[in-house]
Amino acid sequence: MHIVVLVKPVPDTASSGERLRPDGRLDRAAVPAVVNANDEYALEAALKLVAAHGGEITIVSMAPAAATDTMRKALAMGATRGVLVTDEALEGADHVTTVKVLAAALSGLEYDLVLAGADSSDGQGGVVGAGVAVLTGLPYLSYASKIEPDPEAHQVRVRRISPTGYDVLEAALPALVVCTQALGEPRYPSLKGIMAARSKEIVTKSLKDLGIEAGSVGGAVATTALVGSEAPPPRAATRVVREAPDAAAREIVAFLAERRII
Amino acid sequence: MAGLWVLGEVTADGTLARISTEVATLARTLAEASGQEVAGVVVAADPAAAAAELATYLPRVLAVSEPAAAHRPWSMIAAERIAALLEPDTKEFMFTGAGPDGRDLAGALSATLGWGVLANALGATWADSGPVVEMSVFGGKLTTTSRFTGPTGIVTVRPNVVTAEPAKKAGSVETVEAAGELRQPAVRVAERVVEAGTAAPIEEARVIVAGGRGVGGPDGFKLVEQIAEALGGAVGATRAAVDSGWIPYGQQIGQTGKIVKPQLYLALGISGAIQHKVGMQTAETIVAVNRDPDAPIADFADLVVIGDLFEVGPALLAELGARSG
């Protein structure tokens, strides 16, 4: 099985240094980049599927040129190779551009499954997977808690998390599946994996390579723009209670009553 | 077509999703303030009930019958049918929920139409012939406002940012037959499995009682559940508790789980690391019980009790019980 995993390098949310540049775009140079947490679940799912069925994993990213460092972390987990779409014209890209570019990058690859994370920690839109499925014409199976491909029959069964349990979805391969944490904890790269990742191939592609006109994507044609930003009003000072349990419980109840919650 | 569209989401039993009543209220308020027209659309195998409910919030609702919705995932076919309703060169804005179905729908429509998406709105105003949308970014460190650069766009709205309020006068429902074959490749719903004990969706809960590593195990979560029941709330959890297998992933709050905005968030044995904080910091009131006075949650909770949750929890239950008599 050939699996493509869409991987986004994002600012490390634990670094707490994220900020916007004066032009309103995310300052990606200000904080260390990591593999988007939800994409790690997709990659882990791919690694398990390849372990069971054999095959290879290609990670595909759209990011600044320096993202190869972050992609190596995903390769160290066990992916086979990477494809990085990078182009100065992509700066300031919105969801629409991201979807267009990832769909174009997929058209040059062979695969049975495309896996994506449910959303990214920076954009948080959660709309890219569905968009890529539309543009590539792939069957779309989202919010998966279980993925069971049958490569011989060219079919895949997916459990989609629903508000009351799950739906069992079936579609033909190739298909695009959006993954969740319910698929299992991502593994830590082994030392051997980290060493091996150094020599794994990362192919860099420009917009021209993908047959996309530079003026048709990126910040120049962004569909959304920042109007303003401000720090949210600080929460009121914390009331600290150090009483014995019974007195503390009475304080909680009084506090909730004061705020008309109970 | 109207200027603003509310894309109604339908639950598995054919009723209108609660989030859609909130989205409809937000869009109607925006339309009234800006002099725009607003209408709703419901795509379902049998859209009548959900469309009638949406019409209690909006002046006009289109009910699109799509038999395939009975045995295919809703979002992709709804997107196709909604896109087909639009006139060429239309200038409109669409509003839907920011949950799984709404996101799938918004993503499919965005790619089909080339329209931008402003995601996870916490509110919206109107300026320069389009919506200006408020969002929270960087784990709540920054509140931004954004607009669309053109005359079209899609807004996804977080649950609990507005209180649903029906319109003074119910609107009309127009029935529309879906025309033509669906172009999207088929995905079949082979089975809809209802899991016993599946809790109400935590994104919509007014009160959430959540447990973290400090809860210690599945037995500890029984106490969390009891307190949630006493407060009429839902049970949430941190990733650590979910990873330990104490509680299902559907209850997880945080960066790789759900983002919630309840009236009350009661955090038991939760340290409040950034990955969890991003999922719950917009709660109106945060109360925490933690043994560690230096836990990060002590910095942003409204009330923090320094103590053992296995002592404070039962005392709280007794106090709540005494209160309700």
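Taking contacts in chain A between residues at least 6 apart in sequence, 70% join residues at least 24 apart; two residues are in contact here if their C-beta atoms, placed from the backbone, lie within 7 Å. This is a predicted model, in which local features need pLDDT of at least 70 and side-chain atom pairs count only at pLDDT 80 or more, while totals for chains, interfaces and linings use all residues. Residues are numbered from 1 along each chain as its sequence is written, and chains are lettered from A and ligands numbered from 1 in the order in which they are written.

Chain A carries six helices and 13 strands, counted as DSSP runs numbered from the N terminus (helices: H or I, at least four residues; strands: E, at least two). Its C-alpha atoms fill a box of roughly 65 × 45 × 40 Å along the principal axes. Of its 262 residues, 48% count as buried, that is, with 20 or more other C-beta atoms within 10 Å of their own, C-beta atoms being placed from the backbone (exposed: 12 or fewer; partly exposed: in between).

Helix 2 of chain A (residues 68-77) is largely enclosed by the rest of the structure, because seven of its 10 residues are buried. These are A:T70, A:M71, A:K73, A:A74, A:L75, A:A76 and A:M77. Just after this helix, A:G78 takes a positive phi of about 135°.

Now for the contact between the chains. It takes 75 residues from chain A and 77 residues from chain B. On the chain A side, helix 6 (residues 245-258) gives the largest share, nine residues. By class, that side has 40 nonpolar, 22 polar and 13 charged residues; Ala, Val, Leu, Ile, Met, Phe, Trp, Tyr, Cys and Pro count as nonpolar, Asp, Glu, Lys and Arg as charged, and the others, Gly among them, as polar. A:V168 stands opposite B:E191 in strand 11 of chain B.

Within chain B, helix 3 (residues 74-85) meets helix 4 (residues 100-113) through residues including B:W74, B:A78 and B:I82 on helix 3 and B:D101, B:L105 and B:L109 on helix 4. By class, this contact has 10 nonpolar, two polar and two charged residues.

How values were computed: Two strands pair if DSSP finds at least two bridges between them.
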